[in-house]
Each structure stands twice: as C-alpha cells, then as structure tokens.
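Open the model and keep the sequence beside it. We will walk from helix pairs to strands and then to a single loop residue.

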Amino acid sequence: MEHAEFRVKAKEMVDYIADYLENIRERKVYPSVQPGYLHKRLPATPPVQPEAWDDIFKDVDEHIMPGLVHWQSPHMHAYFPALTSYPSIMGDMLSSALNVLCFTWASSPAGTELETIAMNWLGKILGLPECFLNEKNDSPGGGVIQTTASEATLVSLLAARTRALMELSRLNPDLQSSELLGHLICYCSDQAHSSVEKAGLIGLVRMRYIESDEHQSMRGAALEEAILADKEKGLVPFWVCATLGTTGSVAFDNLREIGAVCDKHGAWLHVDAAYAGSAFVCPEYRHWMNGIEMADSFAFNPSKWLMVNFDCTAMWVRDSTALHRTFNVNPIYLRHENSGKAIDYMHWQIPLSRRFRALKLWFVLRNYGVTGLQKHIRESVRLAQKFEALVLADQRFEIPQPRNLGMVAFRMKGDNALTERLLKRLNARGYIHAVPACFKGTYVIRFTVTSQRTTNQDILDDWNEIKKVASEILMEVFGSDNGNIVVPKKPRISLKETRELNATFGTSLLLANSPMSPKIVNGTHAAICDYEQVLTSCAQTFAQLKMEPKDSPEMRRRIRAIKMCGKKLSLDSCMDMVQGMMVEQSLPLCHEEGEDVSNGSSPGDRSSLSPSPVTIKQEASPESNQLQLPTRQYRSKSVDVSLTGLKLDDAKITIDVKNNEIIITPTGSKAITDPVNDTQKSVHFSDLEEKLNIGDKITQAFENFQDGLQMLSEFRQNDNENKVENKDECDTKLTIRGPGSYIKKLIQQFSEDPFGTEDAKPEADRGSSSQTIKEKADAICKKCLHYKGKMSK
C-alpha cells in the first residue's frame with residue numbers, strides 16, 4: 001500500500017469505525033458460532049501473491065465480524081467495561097503511526113515526560129496523596145502505565161519480594177536467597193482476582209486467602225489472625241493485596257484496617273482497584289479509599305471505565321527504588337548522559353520496550369475534562385440503580401449482595417441450577433451477554449453497565465429479555481411463569497368503595513414536566529418532595545425570585561379563564577396566578593372593584609390562593625394582626641385532624657374585614673368536656689392541643705404559589721405565659737387569615753346576614769344564630785382549611 005492508497009483507505013477506515021460504533025446497538029452482542037468456525041472459512045496457508053486491500057477488508061465483514069463479541073455494545077454486561085472513545089482511538093492511531101519506544105528518557109523524551117505529567121494529572125483527579133506523585137526531581141514516588149492490572153500486581157509482588165529478601169539476607173547472611181524464599185508468604189482476600197493467584201505462582205511464594213465477611217470484604221482482624229499464626233510457624237509475611245471492587249460483587253476490603261496490620265508487621269500493601277478505581281474521580285465514592293496513604297502501591301485500569309482503549313493500567317508506587325532494585329538492568333547500549341536526571345521507565349516494568357500509551361490517556365483527560373469523566377461514571381451508576389430497582393420489583397429474583405457502583409449481581413430464587421440455566425440461555429440467544437460469579441456457594445449473574453452508549457431504554461429492553469427467558473424456564477420446570485414463588489394478588493378496590501371508606505378521598509394534581517399537561521390521579525394528596533433539605537432550599541430559592549406582572553391582552557384573557565374555570569391546569573398556570581399576588585401591584589383588570597371574586601369557583605379553590613398559613617395562636621391583644629409564619633419547612637404530607645371529643649358549648653365568631661381575619665373564640669360555659677371523666681375543665685391551649693393532637697408533627701398540606709410547589713400550613717403552639725386578667729374569657733382563638741374579598745365571600749356563605757366592614761350583629765347574638773356553631777365551624781374548616789375531621793356538637 002502506497003501513500004496515495006493509504007490516504008483513501010485510511011479515511012474509509014475512519015468512516016467504517018464511526019459507523020460501527022454509531023450503529024453497534026443493532027448488532028447481536030454475542031455471536032452464534034462454534035469453535036473452529038473461522039478455520040473452515042479461511043485458507044490454511046498464507047497467500048503467495050499480494051492481495052488487494054478491498055478483498056482483504058471484505059473478509060472482515062464476512063468472516064471476522066460474525067465471530068466477535070461486541071464489547072462496546074450497550075447490551076454487553078459481562079466482565080467489566082472495556083471502553084474506548086474517539087479521542088482515545090485517535091491517540092492510539094497517532095501512537096501507532098509514530099511507533100516510538102519509550103523505555104528510557106533518551107529513547108523518547110516527550111513520551112517519557114508526557115507519561116509522568118499524565119499520571120500526575122490522573123493521580124490528582126483521584127485524590128491520591130502527594131507521596132504517589134512525581135512533581136519534583138527528588139520525588140521517590142510516581143506513576144507508570146503498565147499493560148494490565150495483572151502485570152501491576154505481579155510487579156508490586158516482585159518488588160516486595162526483593163525488599164523482603166534483602167532484609168532477610170542482611171539478618172541471615174549464612175542463608176541463600178533460595179532458602180529464604182521458602183519462608184515468605186503473602187495474603188489476599190478469597191474474593192481477590194485470579195491474577196493475584198497467578199502472581200504468587202510466578203513469584204514462587206506461598207499465598208494465603210483470607211476469608212471475607214458477610215459483605216465479601218477482607219477485614220483487618222482476620223488478616224492479623226492469619227499473620228500471627230504464620231509467624232508462629234516461622235513464616236515471614238511480606239505482601240498483602242487489598243481489593244477495592246472485587247470481581248464477583250464489587251465489594252471493598254477495609255483498607256484502613258488492613259493498612260494498620262501491614263504497617264505493624266512490615267508487609268507491602270498493594271491496592272488493586274482495577275474497575276472501581278475509575279469511580280474515584282467522583283468525590284462521593286472516595287470514602288472507599290480511606291487509608292490509601294498507608295499503601296505502598298495502587299493500580300487501576302483507565303482502560304475499563306475511563307474510556308481509554310486497551311491496554312492502559314495506571315500504577316503508582318510510594319517508593320520507586322524498590323522497583324529499581326527488582327528490574328534494574330543497565331547494559332551499555334541503554335545508558336545515556338542524562339541517566340538519573342529523568343525517569344527511565346524500563347526500570348519500572350517487566351518488559352524492556354513500551355508503547356507511547358500516555359498519548360491516548362492525555363487526549364482523553366483533555367477532551368473530556370474532570371466534569372465529563374464524572375458525568376460518565378455517575379450515569380453508569382444511575383443506570384445500574386435502575387436495573388437494580390427492576391430486579392427488586394420482581395418477586396422471582398433476588399440480589400444477594402448490595403449493589404456497588406455500576407454492577408448488579410442478581411439471581412433467580414431457588415436452586416443455583418435455575419440461575420445457571422437462565423444465564424446459558426440468555427447468552428445463547430445473543431441479545432445480551434453476561435457472565436456468572438459465585439460467592440459462598442451462591443451462583444449469581446453479574447450485570448455490569450459497560451457502555452457509555454447505554455440508555456434507559458436499553459436497560460428496559462435487557463430486563464424484558466431476562467424476564468421473558470426466565471418465564472420460559474419456570475414454565476418448563478414448574479408449569480408456571482412464576483415457578484414455585486407465590487405471588488400475592490393485590491386486591492382491587494373500586495373508587496366507589498374507596499369513597500365509602502373515606503368520604504374526603506378525591507383527586508390530586510401531579511405536576512408534569514411538560515407545560516399544560518397535568519396528570520390527575522385518585523389520591524388524598526401528591527407528595528412532591530420527601531427531603532426536608534431539598535424542600536427548604538427550593539422554597540428559599542423561589543422566595544427570592546422577583547416576579548413582575550405581565551400586562552398583555554393574552555395574559556389577561558388567560559388568567560380570567562383560569563379563574564372562571566375553577567380548575568388547576570398546571571404549574572405554569574398557577575404561576576400565572578401568582579403574578580398578581582407576589583408583587584405589590586396587582587395585575588391589570590384582574591382584581592377590579594365590585595368584581596365577583598369567586599367567579600364560579602368554590603371557596604375551597606379560592607382558599608388555596610391565600611399565601612398566608614393558618615395558625616392557632618394566643619394573642620395578648622385582639623387588635624394584634626401580626627402573622628406568625630412557620631420558622632421551619634416541613635415535608636409535604638396531608639394528615640387527618642380529628643376533632644372528636646372536643647365539645648364547645650358556645651363560641652363567638654369575630655369578622656375583621658379590615659385585617660382580613662376570622663376569629664373563632666370559645667365562650668359560654670368556657671369549658672371543654674372531658675369525654676373520659678365527664679368533667680368540666682377550663683379552656684386552655686394545652687387542652688386544645690391535646691384534643692386536636694397538634695404539634696410539629698401535625699401539618700396540613702396547602703398549595704404555596706410563592707415557591708411554586710406548595711404551602712404548608714401547620715398548627716403551632718404559641719403558649720402565652722402571661723395570664724389574661726379577665727378569667728371569664730377564654731384565651732384561645734382560632735384565627736383564619738386570607739384576602740379580604742375572599743374572607744367576605746366565605747363568611748357570607750355560612751351566615752344568615754351579609755357582613756359589612758364592621759360586624760352587623762352584636763357578638764353575643766352571633767353565638768345563638770339559627771346555624772349552630774358546630775355547623776359554621778365545620779363548614780368553614782371544610783371549605784377553607786380542608787379539614788377531614790368532624791366537630792362534635
């Protein structure tokens with residue numbers, strides 16, 4: 001292939017790669033081929049004469065692609081992610097074209113120094129201690145890019161072995177290194193990766209597996225117990241591997257406990273975070289790194305979850321001299337005049353030559369930035385949480401271990417054979433691909449969100465595929481798609497029966513995301529938010545908004561239509577109504593003198609327009625009109641307030657239109673009957689509190705147009721310690737405040753005579769009107785306060 005043909009075919013290759021990744025969702029993730037399929041399709045001997053590039057690439061589509069597992073597919077859930085990205089691909093393309101070998105600084109100065117810079121960047125993003133960085137010439141620590149996490153584990157074990165043998169040789173000069181080697185022993189969790197076992201085999205050292213706890217985590221106490229037992233046998237603990245994010249269930253060893261044990265016994269602590277290490281770019285996941293400052297080496301794979309294509313494993317060491325003592329070979333042809341002034345990475349690894357891997361890592365870090373990488377990690381975790389919720393909602397499945405990060409380990413209830421059969425059939429169908437794991441005899445399916453292209457719909461499609469296959473298996477085994485799981489049927493209760501049980505059962509408006517498209521559901525209330533801090537912050541934010549009235553014919557007609565229809569249309573419609581209530585001036589032509597305020601809407605609808613909460617309070621003076629606002633926000637809820645047992649013989653209702661208040665004050669016998677002892681006792685606020693069951697825990701849900709979400713109205717105690725001089729009058733009042741026009745209309749509906757600016761009747765006559773106090777108070781409470789209780793006569 002010459003330059004001219006390369007220019008054309010390379011551009012075609014870029015288009016092919018882009019098309020492949022863009023449309024990878026359409027391909028079956030797992031191939032339906034058998035071993036040896038490719039041997040039957042390709043010739044047994046190489047071609048004697050050159051072949052055209054088009055013929056070669058034609059065979060890729062016809063023979064290679066049908067036998068691939070598509071790791072970039074959003075339906076790939078096996079193993080851990082092995083992601084790539086366009087900046088990483090271009091970095092690898094450029095590295096392949098340059099093909100520089102970065103084994104010493106002299107062999108590639110830019111390649112060596114860029115690797116140091118990129119590893120310092122990445123270490124800072126993860127929040128690693130400064131001892132792992134190499135920002136000064138005299139820094140003993142630093143980072144290096146290895147090929148795989150398996151190689152990083154082996155490198156750390158060999159370095160720790162060299163350090164231990166040197167120390168033992170100093171203490172035992174008469175023994176050979178081969179004799180001392182038999183005394184060395186290292187440790188890891190029984191959930192550690194298989195590469196740890198392989199490193200022990202290559203290093204010719206004993207390996208002890210520490211049993212993990214119920215959360216698949218290795219603990220310090222179990223490790224120390226094993227070390228003490230081995231020391232009594234004459235063995236020397238020299239290396240411990242702690243796993244952050246195990247392969248089976250993404251469990252985390254207790255790093256701080258293990259670090260303290262390693263420090264006590266002088267063992268090298270290596271931390272393997274091959275998968276989970278990428279998540280540490282997000283601060284909320286760094287609590288699992290607690291104790292990392294006690295580690296001697298740390299490694300993870302950006303090639304797994306940080307969209308840097310394979311191979312790329314980031315490894316940091318606290319002291320690189322241990323690596324130099326292990327891998328330092330210095331023939332004359334590798335020496336240069338700057339030796340010792342810069343890093344020669346050939347002394348930090350097993351092989352001599354190395355690729356320019358820092359280029360693709362550098363491209364990804366710059367093109368995505370810290371925020372882009374964090375967004376990618378958090379989205380994967382969110383999708384895993386969604387899948388977890390789907391599994392938990394199906395009673396045929398269970399999740400034996402808690403989900404961590406982006407992987408869910410689930411299984412079918414019952415024998416392991418059912419889950420194993422499910423996994424085999426899923427992989428055979430090829431629409432999704434997963435692999436198993438087993439911990440403490442429990443067989444599970446690992447479901448990992450591996451692709452940055454995975455969407456909510458992909459998760460739903462995969463779950464539907466799992467449910468479909470599970471139903472087929474259960475039908476074959478048990479004759480029912482639920483198997484031997486008894487699924488209780490939820491009783492269906494008609495709306496008529498519900499209303500018979502609860503007369504106040506109605507409909508509530510669920511605010512929709514899209515304007516003018518509310519969803520009406522049957523229910524007593526709609527819980528908008530269940531987090532007190534979020535609700536408080538939201539209310540404070542909306543309270544600071546400066547809203548200005550919109551004066552336009554369209555807005556006038558819109559608001560007039562809202563008022564006349566008597567319905568709540570949507571959140572933005574409610575906010576239009578707020579325009580005239582949150583600013584000092586009112587909307588033009590919306591509050592005219594003599595206009596019928598109700599406009600066909602019920603007082604209950606108009607009551608929700610009141611921005612003032614309703615409180616029960618004791619006033620030192622009847623003239624006081626100071627509104628007592630709640631000092632804290634409450635979670636949205638609606639509570640039935642029962643008035644059963646509260647017997648008011650008489651009361652007076654005072655209407656203060658000037659201050660927009662309705663005041664209900666018990667009078668007459670000035671007593672409340674105790675239903676238990678049938679005795680009379682004086683009316684005090686504590687008695688009302690006992691009867692009404694009020695307090696901070698009892699709240700009444702109101703719409704709050706001021707914050708755009710809700711208004712919470714609560715009963716609060718305001719116990720006045722000063723005694724009222726006139727003992728004949730009760731000092732407890734029920735004060736209802738609202739817009740003046742609304743107060744007038746409200747009272748006119750429950751009174752024989754209209755109310756003017758002053759009371760039309762003497763206060764004494766009010767208590768003996770044809771409509772009883774119970775009926776008036778109950779009606780007002782129903783319409784204005786939305787009470788659900790009944791007041792006794």
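**Helix pairs, strands and a loop**

Gly-220, Leu-223, Glu-224, Ile-227, Leu-228 and Lys-231 of α9 meet Glu-257, Ile-258, Val-261, Lys-264 and His-265 of α10. Contact here means heavy atoms within 4.5 Å. By class, the residues of this contact divide into five nonpolar, two polar and four charged. Ala, Val, Leu, Ile, Met, Phe, Trp, Tyr, Cys and Pro count as nonpolar, Asp, Glu, Lys and Arg as charged, and the others, Gly among them, as polar.

The model is predicted: local features need pLDDT of at least 70, side-chain atom pairs count only at pLDDT 80 or more, and totals for chains, interfaces and linings use all residues. Residues are numbered from 1 along each chain as its sequence is written, and side-chain values use heavy atoms, with hydrogens and water left out. Helices (H or I, at least four residues) and strands (E, at least two) are DSSP runs, numbered from the N terminus.

Two packed helices are described by the angle between their axes and the distance between the axes. Axes are lines fitted to C-alpha atoms, for helices over the stretch in contact, and angles run from 0 to 180 degrees between N-to-C directions. Helix α9 spans residues 220-232 and helix α10 spans residues 255-265. Their axes come within 8 Å and cross at roughly 25°. That makes α9 roughly parallel to α10. Angles under 35 degrees count as roughly parallel, over 145 as roughly antiparallel, 65 to 115 as roughly perpendicular and the rest as oblique. The crossing of α9 with α10 is right-handed. A crossing is left-handed if the near helix is turned anticlockwise from the far one by less than a right angle, and right-handed if clockwise.

Now take helix α1 (residues 3-22) and helix α3 (residues 53-64). They pack at an angle of about 15°, with axes 12 Å apart. α1 and α3 are therefore roughly parallel to each other. Their crossing is right-handed. On α1, the contact uses Glu-5, Lys-9, Met-13 and Tyr-16. On α3, Trp-53, Asp-54, Phe-57, Val-60 and Asp-61 take part. This contact has five nonpolar, no polar and four charged residues.

How do α5 and α13 cross? The axes of helix α5 (residues 109-126) and α13 come within 9 Å and cross at roughly 40°. The two helices are therefore oblique to each other. Their crossing is left-handed. Among the residues in contact are Leu-114, Met-119 and Trp-121 of α5 and Leu-361, Trp-362 and Arg-366 of α13. The contact divides into 12 nonpolar, no polar and two charged residues.

Four strands form an open sheet in the order β8-β9-β11-β10, with antiparallel pairing. Two strands pair if DSSP finds at least two bridges between them. The edge strands, β8 (397-398) and β10 (435-439), each pair on one side only. Helix α13 (residues 358-393) packs on this sheet, touching β8, β9 and β11 (442-448). Its direction makes about 15° with that of β9. Helix α14 (residues 416-429) also packs on the sheet and touches β8, β9, β10 and β11. The direction of α14 makes about 35° with that of β11.

Pro-400 lies in the loop between β8 and β9. At 31% relative accessibility, Pro-400 counts as partly exposed. Buried means under 20% relative accessible area, exposed over 50%, and partly exposed in between (1.4 Å probe, protein chains only). Leaving aside neighbours within four places in sequence, Pro-400 contacts Ala-409, Phe-410, Arg-411, Phe-439, Thr-442 and Val-444. The C-alpha atoms of Pro-400 and Thr-442 are separated by 8.3 Å, yet these residues are 42 residues apart along the chain.

Which way do the side chains of β7 point? Thr-313, Met-315 and Val-317 point one way and Ala-314 and Trp-316 the other, and all are buried. Five of the five residues of strand β7 (residues 313-317) are buried, so the strand is largely enclosed by the rest of the structure. β7 pairs with strand β1 (residues 142-146) in the antiparallel sense over five bridges. Strand β6 (residues 297-300) runs antiparallel to β7, joined by four bridges.

Strand β5 (residues 268-272) is mostly covered too, with five of its five residues buried. Trp-268, His-270 and Asp-272 lie on one side, and Leu-269 and Val-271 on the other. Strand β4 (residues 236-243) pairs with β5 in the parallel sense over five bridges. Cys-241 has His-270 of β5 as its bridge partner.
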